[in-house]
Amino acid sequence: MEHVELAAADLLLRPWRDEDAPAVRDALRDPAIAQWNPQGGDPIDDEVALLWVRRRADWSTGGHASMAVTAAAGGELLGSVSLHRIHDGDASIGYWTVPAARGRQVAVRAVVRLTEWAFADLGLHRVELCHAVANPASCRVADRAGYPAEGTLRESYRYGDGRRYDEHLHARLATDR
């Protein structure tokens with residue numbers, strides 16, 4: 001899969017770069033990101049952040065497309081949006097935003113733009129979005145990005161505090177309006 005850059009109004013979704021590692025280190029230390037996007041328990045230092053960036057920058061397997069969400073003007077890191085488990089016309093989408101970007105619809109706009117690309121350019125049919133029921137902000141992102149709720153997955157994922165949480169399952173189809 002070839003890297004792309006995607007514009008979304010005042011946002012730029014672009015492949016990860018080594019120079020993003022310090023901002024990623026700081027973001028992954030944020031308590032909300034650490035809770036809802038756990039990274040396996042290792043302390044988030046410069047080396048871990050650089051490995052994180054490099055794994056997400058490598059799209060060679062075709063199984064994921066992970067992008068930095070940045071300000072189009074200035075380039076500061078605002079968040080992350082990724083398609084993962086890309087297989088047989090389906091994928092899952094995940095995202096996070098840095099504290100300064102929250103409440104500005106950054107996640108919604110990034111999810112919408114990456115979803116459009118997934119349907120139009122990758123030819124995907126279904127993209128799923130799961131979030132902890134205890135994370136209402138992610139539910140608002142899903143709803144605003146046009147991902148209807150499909151149900152609740154009971155105790156389906158272990159989050160950053162080590163507890164299993166129920167998750168809401170949302171999905172969009174290429175045929176949805």
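A salt bridge here is a side-chain nitrogen of Lys or Arg within 4 Å of a carboxyl oxygen of Asp or Glu. By that rule, aspartate 30 and arginine 102 form a salt bridge, with their closest N and O atoms 2.7 Å apart. The model is predicted: local features need pLDDT of at least 70, side-chain atom pairs count only at pLDDT 80 or more, and totals for chains, interfaces and linings use all residues. Residues are numbered from 1 along each chain as its sequence is written, and side-chain values use heavy atoms, with hydrogens and water left out.

**Salt bridges**

- The structure holds 11 salt bridges.
- Aspartate 30 lies in the loop between H1 and helix H2 (31–36), and arginine 102 in the loop between S5 and helix H4 (106–120), so this pair ties together parts 72 residues apart in sequence. Helices (H or I, at least four residues) and strands (E, at least two) are DSSP runs, numbered from the N terminus.
- Aspartate 30 is buried at 13% relative accessibility, whereas arginine 102 is partly exposed at 35%. Buried means under 20% relative accessible area, exposed over 50%, and partly exposed in between (1.4 Å probe, protein chains only).
- Arginine 25 forms a salt bridge with aspartate 46, with 2.4 Å between the closest N and O atoms. Arginine 25 sits in helix H1 (residues 21–28) and aspartate 46 in helix H3 (residues 46–57), so the pair links parts 21 residues apart in sequence.
- Arginine 25 is buried at 17%; aspartate 46 is partly exposed at 48%.
- Arg25, Asp26 and Asp46 are joined in a network of salt bridges.
- Glutamate 150 forms a salt bridge with arginine 126, their closest N and O atoms being 2.5 Å apart. Glutamate 150 lies in strand S7 and arginine 126 in strand S6, so the pair connects parts 24 residues apart in sequence.
- Glutamate 150 is partly exposed at 43%; arginine 126 is buried at 18%.

**The sheet**

- An open sheet of 8 strands runs in the order S1-S2-S3-S4-S5-S6-S8-S7, with mixed pairing. Two strands pair if DSSP finds at least two bridges between them.
- Strand S1 (6–8) and strand S7 (149–158) stand at the edges with a single partner strand each, so one side of each has no neighbour in the sheet.
- Neighbouring strands are turned by 30° against each other on average, direction ignored. Axes are lines fitted to C-alpha atoms, for helices over the stretch in contact, and angles run from 0 to 180 degrees between N-to-C directions.
- S7 and strand S8 (residues 164–173) run antiparallel, joined by 6 bridges. Leucine 153 has glutamate 167 in S8 as its bridge partner.

**Around strand S3**

- Strand S3 (residues 65–71) is mostly covered, with 7 of its 7 residues buried.
- Strand S2 (residues 11–15) pairs with S3 in the antiparallel sense over 5 bridges. The partner of proline 15 in S3 is methionine 67.
- S3 and strand S4 (residues 77–87) are antiparallel, with 6 bridges. Alanine 65 stands opposite leucine 83 in S4.
- The hairpin of S3 and S4 has 5 residues between the strands, and its glycine 74 takes a positive phi near 105°.

**Helix H5 and the cysteines**

- Helix H5 (residues 136–144) lies across strand S5 (90–97), strand S6 (126–132) and S8, at about 10° to S8. Contact means heavy atoms within 4.5 Å.
- The disulfide count is 0, a disulfide being a pair of cysteine sulfur atoms within 2.5 Å.
- The sulfur of cysteine 139 is 11 Å from its closest cysteine sulfur, in cysteine 130, too far for a bond.
- Cysteine 130 is partly exposed at 32%, while cysteine 139 is buried at 18%.
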